[in-house]
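This report covers charged contacts, nonpolar regions, backbone angles and a few individual residues. The sequence and the model come first.

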Amino acid sequence: NTGTNNTAVGDQAMYAYTSGSNNAALGSKALSANTSGGQNTATGASSLLSNTTGIENMASGFQALTGNVTGSYNTAVGSQSMQQNVSGSDNTAIGYYSLLNNNSSNNTAVGSYAMEHNTTGSDNISIGNGSLYWSTGGSNNVVLGNLAGYNTEGSGNVMIGYNAGAFEIGSDKLYIHNSNGNATEALIYGD
């Protein structure tokens with residue numbers, strides 16, 4: 001082993017470690033597959049479990065960033081946040097199941113279930129429980145509010161307020177609303 005400044009606490013924490021430096025693993029199987037990845041922090045059972053070469057990731061919570069192998073510069077806070085991410089980088093997920101299925105880059109999801117089903121969409125900001133919940137590939141969306149953009153698949157949308165734009169499937173739409181995401185009833189709507 002050639003790495004330095006590593007700390008591992010827990011059954012099989014940093015189990016495969018060979019040369020990575022400045023890692024911290026706390027919890028059973030935390031950073032278990034890590035070989036040369038460095039500057040990673042994993043707290044919680046199976047957090048960053050599959051990471052081998054990814055660098056500067058921070059995972060806190062049961063199975064946070066579990067599937068991450070090469071993705072770097074990610075922050076996942078919350079049980080199973082970013083669980084399926086393999087190579088996506090520069091993401092921030094805060095909340096239970098946030099960015100659960102993500103494998104793309106440059107997304108920010110804050111709130112339980114925020115962007116849970118995103119797989120390929122990038123450059124999104126989604127703040128609110130269940131916001132952009134069903135979006136799998138939409139990019140460049142800015143969504144603020146619980147359940148805002150809930151079923152949205154489009155890109156380039158701005159949705160602000162509770163349930164705003166929840167049923168919109170198009171792109172480049174503006175919704176400011178506080179209930180029933182319907183375009184005809186929105187306080188402000190534009191396309």
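## Notes on the predicted model

V142 is located in strand β9, where strands (E, at least two residues) and helices (H or I, at least four) are DSSP runs numbered from the N terminus. The structure is a predicted model, in which local features need pLDDT of at least 70, side-chain atom pairs count only at pLDDT 80 or more, and totals for chains, interfaces and linings use all residues. Residues are numbered from 1 along each chain as its sequence is written, and side-chain values use heavy atoms, with hydrogens and water left out.

At least two residues of the patch come from each of β8 (125-127), β9 (142-144) and β10.

**Charged side chains.** Side chains of opposite charge can pair when their charged atoms come close. The count comes to one salt bridge, defined as a side-chain nitrogen of Lys or Arg within 4 Å of a carboxyl oxygen of Asp or Glu. D191 and K173 form a salt bridge at 3.7 Å, N to O. This pair links distant parts of the chain, 18 residues apart: D191 is in the segment after β12 (188-190) and K173 in the loop between β10 and β11. D191 is exposed because its relative accessible area is 69%, whereas K173, at 16%, is buried.

E168 lies in the loop between β10 (158-160) and β11 (174-176). Beyond four places in sequence, the contacts of E168 (heavy atoms within 4.5 Å) are N151, T152, E153, M159, K173, Y175 and Y189.

**Nonpolar core.** The largest nonpolar core has 25 residues, and A25, L31, L48, L65, M82 and L99 have the most contacts inside it. Such a core is a set of buried Ala, Val, Leu, Ile, Met, Phe, Trp, Tyr and Cys residues joined through side-chain atoms within 4.5 Å. Neighbours within four places aside, L48 is in contact with residues including L31, A59, A64 and L65.

**Single residues.** A24 is in strand β2 (residues 24-26). Outside four places in sequence, A24 is in contact with T7, L31, N40, T41 and A42. N180 is in the loop between β11 and β12, and touches N163, F167 and E185 when residues up to four places away are not counted. Two C-alpha separations are tabulated below.

| Pair | Sequence separation | C-alpha distance |
|---|---|---|
| A24 and G38 | 14 residues | 9.3 Å |
| N180 and I160 | 20 residues | 12 Å |

**Backbone.** E56, in the loop between β3 (41-43) and β4 (58-60), has a positive phi near 55° and is not a glycine. Q63, in the loop between β4 and β5 (75-77), is likewise not a glycine and has a positive phi of about 60°.

How values were computed: Buried < 20%, exposed > 50% of the residue type's maximum accessible area, 1.4 Å probe, protein only.
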